[in-house]
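We will go from the whole chain to what lies inside.

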Amino acid sequence: GVHIKDVFVKENQQFNYYILKPVGTKKIKKVTFLFHGLNEKNWEKYFPWGKAICEQTNSAIVFFPIAFHMDRAPLSWSEKRKMFELSEQRKIKFPNVVNSSLSNVAISMRLHAMPQRMIWSGLQTYYDVIQFIENCKNNNHPLIDKDFNFNIFAYSIGGLLAEILKLSNYKNYFVNTKLCLFCSGAVVNRISPVSKFILDSEANIALYAYLAEHFNKFLEKDALLHHYIEEDHIEGEVFNAMLEYQKKRKFRENLFKKVEHQIYAIALQKDFVIPPFEVMNTLQG
């Protein structure tokens, strides 16, 4: 079931999300989207974060799941016995694999086989967030006022989604949106996601080769991907600029410069996945 075609993952098409709102609030006018990290299966560690933000900013929290994560992934991808067996098989097939585990084997196998899944799931989530915002603006949400304003708190890979939303500024929706990036903010080729909880080394090698080393070649072969990255889609252009430090650097840094007063990043000194100096390099230029 790990290699099921993405279009057949029914949990990803219709999914639940959580809203935490201030006590006594009827129609919400202030929202903070909370975006999670890569390979997350449940919201447990994020609920205390959301509660603190809700109480200290008087803002409702929308816990928004990335495609194929959280409730948007089949339960079988989290079944420990099945995933342990898959991980053991993967270690036999790839004897030099580093950090293969029952926690990361499903996403590692899927991205190893088709690294472009990271792009498509990100693009789907991008438009899911846009659709959510437009539903609210059209007064179709039972809790959120149509004249609401919103900010984003994003962790790890969720920060990449937040940056693309902010910098592409679809229909000017994000012009006043502030971002708080926690352990996040660096371009893709300057992060190291090899961890028992994120990706194994084989998946990371495939992802790096696809997104950083040979991306332009893959664009030539994939007409649909070329359409979104190269042909009049600002979100694709921004994503492309966030892949590699030297690629489209002037374009990227000019965008960040325009909104620098609206972005706040918190990095951890001993974070080896998204090192603090790489966050500073990306955001400060």
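Start with a cartoon view of this predicted model: the protein chain holds 12 helices and six strands.

Next, select the C-alpha trace. Along its principal axes it spans about 55 × 45 × 40 Å. The radius of gyration is 19 Å, and a compact globule of 285 residues would have one near 19 Å, so the two agree.

Now draw contacts. Of those with a separation of 6 or more, 75% join residues 24 or more positions apart.

Switch to the surface. The protein chain exposes about 14,700 Å², with carbon and sulfur atoms supplying 54% of that area. Then colour the charges: there are 36 positive and 29 negative side chains, and the centres of these two sets are 4 Å apart.

Time to go inside. Which share of the 285 residues is buried? Buried residues make up 51%. In soluble globular proteins, nonpolar side chains tend to be buried together.

Select F33, F35, I152, L165, L211 and F215: these have the most contacts inside the largest nonpolar core, a set of 56 residues.

Centre on L165 and show what surrounds it. Neighbours within four places in sequence aside, L165 is in contact with F35, Y126, V129, I130, I152, Y170 and F174.

For a last stop, pick L34, W43, I53 and I61. They are among the 13 residues of another core, which lies apart from the largest one.

Methods:
Residues are numbered from 1 along each chain as its sequence is written. This is a predicted model: local features need pLDDT of at least 70, side-chain atom pairs count only at pLDDT 80 or more; totals for chains, interfaces and linings use all residues. Side-chain values use heavy atoms; hydrogens and water are left out. Helices (H or I, at least four residues) and strands (E, at least two) are DSSP runs, numbered from the N terminus. The radius of gyration is taken over C-alpha atoms; the globule rule is 2.2 Å times the number of residues to the power 0.38. Buried means under 20% relative accessible area, exposed over 50%, partly exposed in between (1.4 Å probe, protein chains only). Contact means heavy atoms within 4.5 Å. Accessible areas come from the Shrake-Rupley method with a 1.4 Å probe; for residues, only the protein chains shown count as cover. Lys and Arg count as positive and Asp and Glu as negative; His and the chain ends are not counted. The place of a charge is taken as NZ of Lys, CZ of Arg, CG of Asp or CD of Glu. A nonpolar core is a set of buried Ala, Val, Leu, Ile, Met, Phe, Trp, Tyr and Cys residues joined through side-chain atoms within 4.5 Å.
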